[in-house]
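Here is a short report on a single protein chain. Look at the model first, then read on.

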Amino acid sequence: MSSSDDEPTLKPVVWIGSSKDDISELPTEVKLVFGQALYLAQVGRKHPDAKPLTGIEGGVLEVVEDFNKNTYRAVYKVQLGDVVYVLHVFQKKSKSGKATPKPDLDLIKSRLKLAKQDHERRTKAKGKP
C-alpha cells in the first residue's frame, strides 16, 4: 500500500469575492487557524471551533479567532456539492456583542448566492441534472 492510498481526498476550495485576498492580509497565527479549519472541511471533517452561522441557511460555518485584542472571522459553506466555498474573511470591527454585523451578513448572503450559481455551473458542466 502506497502512502498516497492513506491520503484523504481533498474537496476543492473556491474563494468567493475578495475572500482569498482578505485572508492573505491576516496575521499568520490567524491564517494558520483558518487554514486548518478549511483543510478539515476539505476532508469532510469539522474544526472544533467551527459553529453554524446564525441567520444564514444550514451548512454555513464560521470560525472565530481572537488574536492581539482583535477578533477575526472566516465564513464558509460546506454543504454544496463537493466544493468548500469561502464566503467571507474579515476582522470584526465592532467591540460590542458577538453578533456578526449586518453589512457582513449581507455580504455573506450575496456571496452565498454566487457560490450557488457556481455550483449550478459545475453541476451542468458535469452533465448532472
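How many residues does H3 have, and how far does H3 reach from its first C-alpha to its last? H3 has 15 residues and reaches 21 Å, close to the 21 Å expected at 1.5 Å a residue. The expected span is 1.5 Å times one less than the number of residues in the helix.

This is a predicted model: local features need pLDDT of at least 70, side-chain atom pairs count only at pLDDT 80 or more, and totals for chains, interfaces and linings use all residues. Residues are numbered from 1 along each chain as its sequence is written, and side-chain values use heavy atoms, with hydrogens and water left out. Helices (H or I, at least four residues) and strands (E, at least two) are DSSP runs, numbered from the N terminus.

Start with helix H3, residues 28-42. Its buried residues are Val30, Val33, Phe34, Ala37, Leu38, Leu40, Ala41 and Gln42. Buried means under 20% relative accessible area, exposed means over 50%, and partly exposed lies in between (1.4 Å probe, protein chains only). The buried residues of H3 pack against S1, H2, S3, S4 and S5. Contact here means heavy atoms within 4.5 Å. Glycine 44 follows H3, and its phi is positive, near 85°.

Helix H4 spans residues 102-125. H4 has 24 residues and reaches 35 Å from its first C-alpha to its last, close to the 34 Å expected at 1.5 Å a residue. Asp104, Leu105, Ile108, Arg111, Leu112, Ala115, Asp118 and Thr123 are the buried residues of H4. They pack against strand S1 (13-15), helix H2 (19-24), strand S3 (60-67), strand S4 (70-77) and strand S5 (84-92). H4 is followed by glycine 127, with a positive phi near 80°.

S4 is mostly covered: 6 of its 8 residues are buried. S4 pairs with S3 in the antiparallel sense, over 8 bridges. Two strands pair if DSSP finds at least two bridges between them. Valine 63 has alanine 74 in S4 as its bridge partner. The hairpin of S3 and S4 has 2 residues between the strands, and asparagine 68 takes a positive phi near 50° there.

S4 also runs antiparallel to S5, joined by 7 bridges. Valine 75 stands opposite histidine 88 in S5. The hairpin of S4 and S5 has 6 residues between the strands, and glycine 81 takes a positive phi near 65° in that hairpin.

## Nonpolar cores

A nonpolar core is a set of buried Ala, Val, Leu, Ile, Met, Phe, Trp, Tyr and Cys residues joined through side-chain atoms within 4.5 Å. The largest has 18 residues. Leu26, Phe34, Val63, Tyr76 and Val89 have the most contacts inside it. H3, S3, S4 and S5 are the elements that give two or more residues to this core. The largest share, 6 residues, comes from H3. Leucine 26 touches Lys31, Phe34, Tyr72 and Val89, not counting residues up to four places away in sequence.

A second, separate core has 15 residues, including Val14, Ile56, Phe90 and Ala115.

## Salt bridges

Side chains of opposite charge can pair when their charged atoms come close. A salt bridge is a side-chain nitrogen of Lys or Arg within 4 Å of a carboxyl oxygen of Asp or Glu. The count comes to 6 salt bridges. The table gives some of them.

| Salt bridge | Distance, N to O |
|---|---|
| Glutamate 57 and lysine 77 | 3.1 Å |
| Glutamate 62 and arginine 73 | 3.1 Å |
| Arginine 122 and aspartate 118 | 2.5 Å |

Glutamate 57 lies in the loop between strand S2 (51-52) and S3, and lysine 77 lies in strand S4, so the pair ties together parts that are 20 residues apart in sequence. Glutamate 57 counts as partly exposed because its relative accessibility is 35%. Lysine 77 is buried, with a relative accessible area of 3%.

Glutamate 62 in strand S3 and arginine 73 in strand S4 are 11 residues apart, and the pair links distant parts of the chain. Both glutamate 62 and arginine 73 are buried.

Arginine 122 and aspartate 118 are 4 residues apart in helix H4, so about one helical turn separates them. Arginine 122 counts as partly exposed at 33% relative accessibility, while aspartate 118 counts as buried at 13%. Salt bridges that share partners also join Glu57, Lys77 and Lys116 into one network.
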